Amino acid sequence: MRSATVLCCPFEGGIRAMMVLRRGIAGAAEGARTVFQLFEQSRPPLPPDRLEKQILPLEKYNLPLSKETFGSEKLLQQQLAATRRAHRIMEEKAIDIAQQQRLMVGIGGDHSITYPLAKGVAKGWGNAPFGLIYLDAHFDLRPIETYGPKNIQVISSGNSFRRLLEEPSSPFCGARLAAIGISPSPSPIFTQMYKYARQKGMTIYLHSDVQDSSSLAETVLSQIEPSSRYIYLSVDIDCLDESFAPGVSSPANPGLHPQQLLALVKHFARHPKVVAMDVVETSARTLAWFEWQNEGRSLEPEQVRQKALLQTAKASLEVLETFLREKIGEEILGP
Ligand SMILES: [Mn+2]
């Protein structure tokens, strides 16, 4: 495959839904735009038959939050409807790209976008058995929770892989899913997700298991590749140690070193079954639930925030370019 479409998805409705429930920090929509801008600046335009670039108009689906909307069922309901519409747009686009047999490369946005993008890519490739490898500090396998007496469903950045697995007649399954870079936590929800992942037969590597990236990548591929017709790669930039990705909503400490991450991405990108990837959760940390709650904590000043965003965006850009260089060729992407 020698042509790709890079799709900027400035969507963070998954984080915003969580913020209504006192979790998460917004800023990933700005992150998507920043990575995309850096990508555009980093090279002269290429012929669109090789590399096409697009920004999806998703901003209006990130609903405004304020102290008054905290805990609001109404807002959660509205965000749910908006998230479904935004996800539909991403899914349709991913179907279209895959049907043209182009590589789909997504830039997020929050990690909820992997659900529509992976689903769309799989549909575009005829719903053949799909493998999925994700590099992430978190499992993102939270149960599909509901909120309030109306049982409003919470679609968040923390349950995208659970949703992919539990989709009826899903082309994804636990035996073809690998999570790498996970930060263990003593929390009950972590234990619950870990058990779920084991039960589903997932391949799991904690961040401390990542030593020799090449041999690890080989092992992972040998576990999921034989039963997969195609493979999707998802990179949550929060798998990096927070000193290398300081802007993210939920930083890892300790986490992966950029060299480990890039070596993994390079290795996976070389595999011909890998037909799609995304890089998500680059963030400017612009709004946190604890700020509206006056809980005495606040985010960094604007300048510090922008510096953190730029550093994390550059790390995401490197992931993106490493992938594309392997996939569509050194000669047009440069060294
Ligand atoms: Mn994630």
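Modeller: The packing of α8 and α10

Helix α8 (residues 258–269) and helix α10 (residues 302–328) have axes that come within 8 Å and cross at roughly 25°. Axes are lines fitted to C-alpha atoms over the stretch in contact, with angles from 0 to 180 degrees between N-to-C directions. Helices are DSSP runs (H or I, at least four residues), and strands are runs of E of at least two, numbered from the N terminus. The angle therefore makes α8 roughly parallel to α10 (under 35 degrees). From α8, the contact draws on Pro258, Leu261, Leu262, Val265, Lys266 and Ala269, and from α10 on Ala315, Glu318, Val319, Thr322, Phe323, Glu326 and Lys327; residues are in contact if their C-beta atoms, placed from the backbone, lie within 7 Å. These residues divide into eight nonpolar, one polar and four charged, where Ala, Val, Leu, Ile, Met, Phe, Trp, Tyr, Cys and Pro count as nonpolar, Asp, Glu, Lys and Arg as charged, and the others, Gly among them, as polar.

This is a predicted model: local features need pLDDT of at least 70, side-chain atom pairs count only at pLDDT 80 or more, and totals for chains, interfaces and linings use all residues. Residues are numbered from 1 along each chain as its sequence is written.

The chain as a whole has 11 helices and 12 strands. Its C-alpha trace spans about 50 × 45 × 35 Å along the principal axes. Of the 335 residues, 52% count as buried (20 or more other C-beta atoms, placed from the backbone, within 10 Å of the residue's own). Among contacts with a separation of 6 or more, 79% join residues 24 or more positions apart.

Conventions. Angles under 35 degrees count as roughly parallel, over 145 as roughly antiparallel, 65 to 115 as roughly perpendicular and the rest as oblique. Two residues are in contact if their C-beta atoms, placed from the backbone, lie within 7 Å. A residue is buried if 20 or more other C-beta atoms lie within 10 Å of its own, exposed if 12 or fewer, and partly exposed in between; C-beta atoms are placed from the backbone.
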